[in-house]
Amino acid sequence: MEIPVMVGAGLVIIGAGIGLGRIGGAAMEAIARQPEATGKIQTAMIIIVALLEGVAFAALFAV
């Protein structure tokens, strides 16, 4: 692999990690504020996380 490709792959992983952390943190805050909406918040979080991971894997394999 060439160095720019490795840097690009690293940036994809870092970006996905930051995104997943922000999604998880926001979901925890939302659940803490409205515990009765836990199911809806978790469902939305899981869907968003799955889409984000799919985009990250697609970007990695495209490199």
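About how many helical turns separate Phe57 and Phe61 in helix α2? Phe57 and Phe61 are four residues apart in helix α2, so about one helical turn separates them. The model is predicted: local features need pLDDT of at least 70, side-chain atom pairs count only at pLDDT 80 or more, and totals for chains, interfaces and linings use all residues. Residues are numbered from 1 along each chain as its sequence is written, and side-chain values use heavy atoms, with hydrogens and water left out.

**Helix α1**

- Helix α1 covers residues 3–33; helices here are DSSP runs of H or I with at least four residues, numbered from the N terminus.
- The 31 residues of α1 reach 45 Å from the first C-alpha to the last, close to the 45 Å expected at 1.5 Å a residue. The expected span is 1.5 Å times one less than the number of residues in the helix.
- Ala9, Ala16, Gly19, Ile23, Ala27 and Ile31 are the buried residues named for α1. Buried means under 20% relative accessible area, exposed means over 50%, and partly exposed lies in between, with a 1.4 Å probe and protein chains only.
- The cover over the buried residues of α1 includes α2.

**Helix α2**

- Buried residues in α2 are Ile41, Val49 and Ala56, and α1 is included in what covers the buried residues of α2.

**Leu20 and Glu53**

- Leu20 is in helix α1 and is partly exposed, with a relative accessible area of 28%.
- Leaving aside residues up to four places away in sequence, Leu20 touches Val49, Leu52 and Glu53; contact means heavy atoms within 4.5 Å.
- Leu20 and Met45 are 25 residues apart along the chain, and their C-alpha atoms are separated by 9.5 Å.
- Glu53 belongs to helix α2 and counts as partly exposed at 36% relative accessibility.

**The aromatic pair**

- One aromatic pair is found in a search of the whole structure.
- The pair is Phe57 and Phe61, and it is stacked because the ring centres are 6.4 Å apart and the planes meet at 20°. Rings of Phe, Tyr and Trp (its six-membered ring) pair if their centres lie within 6.5 Å; planes under 30 degrees apart count as stacked, over 60 as edge-to-face and the rest as tilted.
- Phe57 is partly exposed at a relative accessible area of 48%, whereas Phe61 is exposed at 71%.
- The C-alpha atoms of Phe57 and Met28 are separated by 25 Å, and the two residues are 29 apart along the chain.

**The nonpolar patch**

- Ile3, Met6, Val7, Leu11, Ile14 and Ile18 make a nonpolar surface patch of about 610 Å². Patch residues have over 30% relative accessible area and no salt bridge; like charges are joined within 9 Å, and nonpolar side chains (Val, Leu, Ile, Met, Phe, Trp, Tyr) within 5 Å.
- A salt bridge is a side-chain nitrogen of Lys or Arg within 4 Å of a carboxyl oxygen of Asp or Glu. Accessible areas come from the Shrake-Rupley method with a 1.4 Å probe, and for residues only the protein chains shown count as cover.
- Leu11, one of the patch residues, counts as exposed at 55% relative accessibility.

Conventions: Helices (H or I, at least four residues) and strands (E, at least two) are DSSP runs, numbered from the N terminus.
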